[in-house]
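Here is a short walk through one protein model and its ligand. Keep the sequence and the 3D view side by side as you read.

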Amino acid sequence: MSEDLFKKITSHAKEYGFVYPSSEIYDGLSAVYDYGPNGVLLKNNIKQYWWKAMVQLHENIVGIDAAIFMHPTVWKASGHTDAFNDPLIDNKDSKKRYRADQLVEEHLAKIQAKIEKEVRKARKRFGDAFDEAKFRAEHPRVQKYTAQIDEISRKLNDALANNNLPALKALIDELEIADPVSGTRNWTDVKQFNLMFQTQLGAVAGSAQHLYLRPETAQGIFVNFNNVLKTARVKIPFGIAQIGKAFRNEIIARQFIFRMREFEQMEMQFFVRPGTEMEWYENWKEKRMHWHRSLGFPADFYRFKDHEQLAHYANAATDIEFRFPFGFKELEGIHSRTDFDLRRHEEFSGRKMRYFDPETRETYIPYVIETSIGLDRMFLAILSASYKEETLDDGSVRTVLRIPAILSPVKVAVLPLVKKDGLPEKARELFDRLKWDFQVQYDEKDAIGRRYRRQDAIGTPYAVTVDHQTLSDDTVTLRDRDTMQQERIPAAEIPRILNQRLHLKAWLD
Ligand code: GAP
């Protein structure tokens, strides 16, 4: 996969009404995007797929929808006011701003690329006899590069863990990292930059309260722990799920909707008895990977990446990484968050955040397993894995989005073969029958081949064509987007077939 492919995906997303730059008539707003008519359908379908998998299919998970504004003490308690920072550095010549840790990581990626180049060369040279594991472990140059990576990673992790900004700057100097824009090494010191957006509540001058736009949805769940406990008849282990907007003033926001300043998260906090958290952590890792894999993309598009450096609140953490066009990157985080958040809220609010366990007759602050996935990032994962340019038998090229049918914006297109002879009326009848259950599109403009291409380009999995035979025997053709095969079936059968193929159970079970 390449940068070129990524460019094609972003322009396809715009051309077909999935994603637009925000406020485009004013030249856009950096790292903020709007979703168009097909984009909002896809996004809502992803939300539904997650929500049903988490809430509807789990008796012991309930949902909430907390406000974006929260009492400012929430962020003191959660640690975000003091520690939700990125280390930034400016180049004095280009005046460009970078994340200091990312500059080092990019340097590490370059060394890693050298290793991969050695491996590729050796594979070519030795052919079938090539023992890759042995080569990686023993080849002197690969060993040298690996040692460099280990040493730099150790220094980077130490500096980040100890919040040692001079050490981070020293590392950038030591590695002679130059600004990709100016090419110089004329850097400022490294400074911490808090990622939360601030705003004000209240109109009276002087009495306004400083608020933050929430940087994660999770805290809305923690502060409602007691409310849910009292009102939802839940018993440990149980979960609270939420989908909502989050805001982060990312220093560098690029790669389209991968890293945005306003985005949506789908988060679930699962409350468990202390001491059982590792079991549940493993359980949720498996469940979440199953959810991803249920969509049918190749298995090698996903991998777990355990965190080496744990956040202050976690005792285990992993990312589900996805193979984006620009490489493997985090799609979802799964954290064992201990009792950190509830304990801190208890401390800061003075309210008990505890659970009386009727089985053990103990009262305790529950431990928490969190699953947290970015909705926009999931959208990008689907778009980039679905986008295909296929050369057909007649030599023409079709652009098709092989979006998993359960998530496709439009489920079925209803197309009269021609715009006369009573076919549009017949097709409209079918459209009216289907629209109660499915997102349907009626299209009679242009030749049928062009209409199929339009549907392929937005990922519509099925197209029903009404032709002259329909008028005599009430049969239609059902076209499959991926195989392009058409089967002739009674029109009355279409709702049943679609229901069967688009049923949640057919995908998730
Ligand atoms: N409550 C835990 C939490 O917020 P995180 O790893 O910072 O953890 C979770 O974020 C997920 O949210 C990430 O895996 C990613 O999918 C998404 N996410 C985070 N920052 C994002 C951004 N700036 N733009 C888009 N998605 C983002």
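A polar contact is a pair of N or O atoms within 3.5 Å. The model is predicted.

A polar side-chain atom of Glu 370 lies 2.9 Å from a nitrogen atom of the ligand. On its own, the ligand has 560 Å² of accessible area, and the protein covers 92% of it.

Which elements give two or more residues to the shell around the ligand? They are strand 10 (262–272), strand 13 (327–338) and strand 16 (367–374). Strand 13 gives the most, with five residues. In total, 19 residues surround the ligand. The closest are Glu 216, Glu 250, Met 260, Glu 267 and Glu 330. By type, the shell divides into ten charged, five nonpolar and four polar residues.

Now step back to the whole chain. It is divided into domain 1 (40–69 + 212–383), domain 2 (85–194) and domain 3 (399–508). The C-alpha centres of domain 2 and domain 3 lie 51 Å apart.

Next, look at helix 12, which spans residues 340–349 and holds Glu 346. Is Glu 346 buried or exposed? Glu 346 has a relative accessible area of 12%. Buried means under 20%, so Glu 346 is buried. Leaving out residues up to four places away in sequence, Glu 346 touches Arg 351, Lys 352, Met 353, Arg 354 and Ile 365.

The peptide bond from Ile 236 to Pro 237 is cis, with omega near 5 degrees. Pro 237 sits in the loop between helix 10 (225–231) and strand 9 (238–247).

Ala 31 is not a glycine, yet it has a positive phi of about 65 degrees. Its loop runs between strand 1 (19–21) and strand 2 (33–35). Ala 31 is buried, with a relative accessible area of 6%.

Asp 421 is not a glycine either, and its phi is positive, at about 60 degrees. Find Asp 421 in the loop between strand 19 (412–416) and helix 14 (423–434). Asp 421 is partly exposed, with a relative accessible area of 43%.

Note on methods. Residues numbered from 1 in each chain as written. Predicted model: local features only at pLDDT ≥ 70, side-chain atom pairs only at ≥ 80, totals over all residues. Heavy atoms only, no water. Helix = DSSP H or I, 4+ residues; strand = E, 2+ residues; numbered from the N terminus. Buried < 20%, exposed > 50% of the residue type's maximum accessible area, 1.4 Å probe, protein only. Contact = heavy atoms within 4.5 Å. Domains from an automatic or database assignment. Near = heavy atom within 4 Å. Polar contact = N/O pair within 3.5 Å; in protein donor to acceptor, adjacent residues only side chain to side chain. Areas by Shrake-Rupley, 256 points an atom, 1.4 Å probe, with all protein chains shown as cover. Nonpolar A, V, L, I, M, F, W, Y, C, P; charged D, E, K, R; others polar.
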